[in-house]
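Notebook open, structure loaded. I want to jot down what I look up as I go, starting with the cavities and then moving on to the sheets.

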Amino acid sequence: MNTVERVNGLPPLVGRRAQLATVADALAGLEAGRSAILAISGEPGIGKTRLVDELCARADARGDLVLGGRAAEWEQDLPFGVAVDALGDYAASLGADRLARLVGGQAAELAPIVPGLDGLAGAATGRLQDERFQTHRAVRALLEALSANTRVVLALDDLHWADDASLELVAHLLRRPPRRGVLIVLAFRPAPPRAVLLDALAAAAREGAVVELPLVGLTRPEADALLAGDVPAAVGDVLVEQSGGNPFYLQELARAATPVTVAAGDVPRSVALALDQEVRGLPEDAQRLVRAGAVVGDPVGLDVAIAAAGLQEAPALAALDVLLGAALLAPTDVPRRYRFRHPLVRRAVYDTTAEGWRLGAHARAAQALEQQGGSLSARAHHLERCAQPGDAEAIGVLLGAGAAVAPRAPAAAAGWYAAALRLLPEDAGSAGQRLGLLVALAQCQAATGLLADALASLTGALELAAADEALAPLRARLVAGCAMCENLLGRHEAAHGRLVAALDHVADRDSAVAADLQVELAADALYDGDFAAMRTWARRGLETAVARGEPALPVVAESLVCFAELGLGRVAAAQDAAQRAAERLDALGDDALALRLDGPYYLGFAEYFAERYDAAIGHFRRGIAVSRAIGQGQFATPMAIGLAHAYEVTGRLRAGLEQSEGAVEAARLSGNRQVLCWALTAEAWIAAIAGELPRAKTAGAEAMELLGDLDDSVLSRGTRVHVAAAQLEAGEPERCLEAMADAGGPEFDHVEPGRRAWLYAILARAELDLGHAVVAEGWLERGEALQAQLGLGHVEGAVAYARALLELERGDAPAALAHAQRAERRAAQAGAAVQAARARTVAGRAAAAAGDREAAGAWLERAEAELAAIGAVRFRDEAARELRRLGRHVGARRRRAVAGAQGLASLSGREREIAELVADGRTNREIAGELFLSEKTIESHLTKVFAKLGVSGRVAVAGAVGRARDPAG
């Protein structure tokens, strides 16, 4: 931790009255328990750091916990640098046991930031690049835990120089700030823009979550006060005019008494020369040490700086005293660690140091770090700047650094891999190593949204693999990777052409390579919604793969056959294909499955659309678990989205929301706008079902905004219609209809029949909400004609539900009741718990309209209890409102449990969620990891579950859940 270095004795801050008033308000709010975010921006030298220091000094003086970190210009390749500077030492001082008590199972996720946590028991279960948001959540949880006992100020300075991993953390804190008792202070230059930071700031500003404090130059009276009469008035006039009132330039130029015209950007040349002149006036050893310090970093680790300077201990300490006396360096609260008086001073010293001397200093620093046990990243930082081509040791360090940080900081890893590639000789002997490096580089580039760069790296790998026939299977995988990048970039024709060309070059059409490419062509056809071509290619690939005895590829092929059959309206054939694919996948060990993680991805979605929800949940979970185990995450986020939807349909809304929230965070980190749009759609839909309408509207609006920039494809069209459906559930029927029209309605070409019938039911309900019963009838006739051919329970239930609403509107209560009963029965048979419960509400309304108040009460009481247990608050309120109309007493909204209910209905939403996970065979640790709770919290919830169900163990809980899922069983 770098706490404020000059808590007391700061000189008075000149000017900045408005900013100081805002600071005072923020600190007062912090004292009242409110969290806040301040964003301080301005040009180099304008006084951002000084204002941050003033704020931190005031907070420290009143006993707040002040955690301060500063990014450094040449350390942007060191992951989480500013976060480590701010939090690392302090969190490490707490110890692993206390951290575990503070944040539970999330403590291991702090390992990239807190020294010494790598070996923590219960280490993080996943190391997927797109799940690095788990570290962000852990930091937020730590800040919230600390703020329970004291006020916390987190001040991050010079964020324009921060590494990508730190900026992703800051963006997370901006989007999901700590709930109370934490003041976050961010200081940065607005130019050149850092997109991750500025986008998150803009989103936070729209939500009113951030206060912006832009800084401008000092006025002439303020400048005079800063200079305090140290220069003659005439010189002061020139300095003020030519510095533009920039405090740093004013002071440095006054120090040198050298007026200069100040250019925009970093240190003006004359300022740099003045600083260089100051350095050259020092003794030789002091010059060497300060220049070595500029090479080592800011803050300056003294021992590494001494080695980089080539000095012995005694003369180095004497030189240190000189530098402290000249105020070029200042002490921190950490022994043998110092800071430059301003980051721009370090920049000027580094820039005016001779290139040859810098190269040697970097080499000596790298050697010292190796001897002192420095991290691979720290060593790589210096070796990248001084190593010679062909330096095998440097290449090894760079590769090790990349592998170490890739899961949590893929942008930094990409930098190390690229540096290693530059050092590798381009000869036959290193071709294999270059090939592997290019693949690893492509994975890191794709993980940070640089799909075009990833495509270029994969293309380079393809060229290296072209000459070796033994690498034909690898070439097929590389072609598939290229096609995936092209599809995600919207270049669908190029992706298709690449796959066809690759297959044309395969002489043996019965080979494993041919099967691989045929299956990829089937997947490619999904982007165009060409289900006939999809079935043809999938069947060809399946036959070839089975004949070749391929273990995992048939799972992918059979799953794609299921998708194609669903798209062609052949539900029975699709169900058969899904069953065969499931049997193949379940027979595979994890090692075999790891070779084709697109298997559980495609199968899970095929099962979801075929209404095999529990099977889909199981396969999605297994696919995600294997992805985490091997660190391959390209399908993990889409599988999490599918899992969220499956949870929602089956009534596990809280689990669905948490999965969708994680998917949104992972997709943001991936930079993949299509997947982010998809994840936001899931969040919008499930939030609407759960009754969290502001959240649903926010997520839906962002998804629609993203859709405007995406190429038209089956994915973008599918996303658009689901956003439209969420808008209906959020009470916005007009926007629902507009979005449906934009998505290709009324025909909905390239949408499979089952989902198309569901969309017609959504359209009918939207029109009915607007009073257009005749138009609603037209949509329902389409939906009923389509679903009659399919035999899908959830789809049939959705259409019957809409029909029941229409008949109620017309005043035909008996017809409405009949349709509502059918909707409830078919939805329940399909396992669609939310749809079934909502149908019971309509059945109650219809029975009441028909005069059967007793039956109406029974329907509504069951609906109200089940919807409350599920967590569908708004729909529960609808049922409660109808009960009150019958004169039945209904208690206040019961978000957590249904009073007087028996069995599973007596459980709160969280307790039901945990019971469901117990039934799925999850351990307490696994449940804690999935729900981001501590194991002790899970144990506490389970104690309550045992008591409410009247059981004594997990087996009995699983039995109760199993009976609820399958009453016939």
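This is a predicted model: local features need pLDDT of at least 70, side-chain atom pairs count only at pLDDT 80 or more; totals for chains, interfaces and linings use all residues.

**Largest cavity**

I started with the lining of the largest cavity, where H37 gives the largest share, seven residues.

The largest one holds about 470 Å³ of space. I count on 31 residues for its lining, and Tyr608, Tyr613, Val649, Trp758 and His794 lie nearest the centre. Which elements give two or more residues to that lining? I wrote down helix H29 (598-609), helix H31 (636-649), helix H33 (673-690), helix H35 (714-729), helix H37 (753-769), H39 and helix H41 (833-849). By residue type, the lining divides into 19 nonpolar, five polar and seven charged.

**Glu807**

H39 was on that list, and I went to a residue in it: Glu807 lies in helix H39, which covers residues 793-810. Is Glu807 buried or exposed? It is buried, because its relative accessible area is 9% and the cut-off for buried is under 20%. I also looked up what Glu807 touches, leaving aside its neighbours within four places in sequence: the contacts are Asp812, Ala815, Ala816 and His819.

**Thr536**

Next I checked Thr536, which is found in helix H25 (residues 531-548). Thr536 is partly exposed, with a relative accessible area of 37%. I also took a distance from Thr536 to Arg803: the two are 267 residues apart along the chain, and their C-alpha atoms are separated by 37 Å.

**Five-stranded sheet**

On to the strands. I found an open sheet of five strands with parallel pairing, in the order E2-E3-E4-E1-E5. Its edge strands are E2 (65-70) and E5, each of which pairs on one side only. The twist averages 15° from one strand to the next.

E1 pairs with strand E4 (residues 182-188) in the parallel sense, over six bridges. E1 also runs parallel to strand E5 (residues 211-214), and four bridges join them.

I followed Ala39 to both sides. Its bridge partner in E4 is Leu186, and its bridge partner in E5 is Glu212. For Ile40, the bridge partner in E4 is Ala187.

What lies across this sheet at E2, E3 and E4? I found helix H5 (residues 133-147) there, running at about 140° to strand E3 (152-157).

How many bridges does E7 make with E8 (residues 337-340)? There are three, in the antiparallel sense. I picked out Ala330, whose bridge partner in E8 is Arg339.

Technical notes. Residues are numbered from 1 along each chain as its sequence is written. Side-chain values use heavy atoms; hydrogens and water are left out. Two strands pair if DSSP finds at least two bridges between them. Buried means under 20% relative accessible area, exposed over 50%, partly exposed in between (1.4 Å probe, protein chains only). Contact means heavy atoms within 4.5 Å. On a 1 Å grid over the protein atoms alone, a cavity is a set of points where a 1.4 Å probe fits but cannot get out, and a pocket is an open set with protein on both sides within 12 Å along at least five of seven lines; lining residues have an atom within 4 Å of a point. Grid points are joined across faces, edges and corners, and a volume is the space filled by probe spheres set on the points. Ala, Val, Leu, Ile, Met, Phe, Trp, Tyr, Cys and Pro count as nonpolar, Asp, Glu, Lys and Arg as charged, and the others, Gly among them, as polar. Axes are lines fitted to C-alpha atoms, for helices over the stretch in contact, and angles run from 0 to 180 degrees between N-to-C directions.
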